[in-house]
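Hello,

Here is the structure I promised to pass on to you. Have a look at it first, and then read on for my notes on what turned up.

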Amino acid sequence: MKKIAVLAKVHDPRCQGVASELFEWLTARGLEPFVDAHLARHLLLPSGIENVLFTEQADLVVVLGGDGTLISAARQIGDRGIPILGVNLGSLGFLTEITLEELYPTLERCIAGEHRISERMMLQATVERDGAEIACHAVLNDVVINKGAMARIVDLETMVNKQYLTTFKADGLIITTPTGSTGYSLSAGGAIIHPAMNCIAITPICPHTLTNRPIIVDDDSLVMVSVSSLADEDVFLTLDGQVGLELRSGDVIHVRRASHCARLIMSGSKDYFGVLRAKLKWGER
């Protein structure tokens, strides 16, 4: 690994400081670090590279911040298969599990080729309107359909592999990867799914029918959701909690496994269940 891209939560002063130190550390070892134009301006560096070029040149992407910053990086990288090293500068994250103290020892292992990678399945969400595709995105965490603040419950006719599942009458619906199962889906009553599994979870949000429960389907499944709502009601599609699209009655959302995975570099000192216990504070009174 020679070319190291650095992504940081640019408005966090601590991230800026760590990014500056990391830039110097990489340069001193004869590596080629680069940052996007936005971060370059904050670090007072002479130049930067736009995000779209990040993933075309890097051998490794180091993310300084939290899980949201890492999720954004995974979408930018797309199908290029570049490993992501997530460094959490606040509380322990589900995805950014490397602490600041572990950053440089972990980087040394990466440069030596001794790192451990966890491959995480992603989803591809396509929106069809009047028979035409109007949007297509890959996500690491989840695809969420939900109603606006003042709207009534929405009808979401849901098919799995073109077989009718049910019409959820609910505030919304979450379609999630195993990685995303500890996010919004968990808050809505969904199961925690080990990230090494390959499956898709469908979790209704506040369903009107109390017997509607979360359901887990095979990762080869195609999930199709048709939106039915009144003309004056707001319904939105949110991807990884970061990209949004207003939906119309009759829109159909197709969700299937993406053709590529996110490749996350894992801490050598933590295991998934340890992170889970710490993050969810299990065993604490």
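A word on naming before the tour: helices (H or I, at least four residues) and strands (E, at least two) are DSSP runs, numbered from the N terminus. Please keep in mind that this is a predicted model, in which local features need pLDDT of at least 70 and side-chain atom pairs count only at pLDDT 80 or more, while totals for chains, interfaces and linings use all residues. Residues are numbered from 1 along each chain as its sequence is written, and side-chain values use heavy atoms, with hydrogens and water left out.

Let's start with Asp 67, which sits in helix H4 (residues 67-77). UniProt, in an unreviewed entry, gives Asp 67 the feature "active site"; its positions are in the numbering used here, feature names are shortened, and annotations may be inferred rather than shown by experiment. Setting aside neighbours within four places in sequence, Asp 67 is in contact (heavy atoms within 4.5 Å) with Gly 93, Phe 94, Leu 95 and Thr 96.

H4 also matters for the largest pocket, giving 4 residues, the largest share of its lining. That pocket holds about 260 Å³ of space. Among its 13 lining residues, Leu 7, Ala 8, Thr 69, Ser 72 and Gln 76 are the closest to the centre. Two or more lining residues come from each of strand S1 (3-8), helix H2 (37-42) and H4. A pocket here is an open set of points on a 1 Å grid over the protein atoms alone, where a 1.4 Å probe fits, with protein on both sides within 12 Å along at least five of seven lines; lining residues have an atom within 4 Å of a point. The volume is the space filled by probe spheres set on the points, which are joined across faces, edges and corners.

Next, which residues of H5 are buried? They are Glu 102, Leu 103, Thr 106, Leu 107 and Cys 110, where buried means under 20% relative accessible area (1.4 Å probe, protein chains only). Seen down the axis of H5, these residues fall within an arc of 135°, so they line one face of the helix; the arc is taken from the directions from the helix axis to the C-beta atoms. They pack against helix H1 (13-28) and strands S3 (60-65), S4 (84-88) and S16 (252-265). After H5 comes Gly 113, with a positive phi near 75°.

Lastly, Thr 126 in strand S5 (residues 117-129) is buried, at a relative accessible area of 8%.

Best wishes

Note on methods. Buried < 20%, exposed > 50% of the residue type's maximum accessible area, 1.4 Å probe, protein only.
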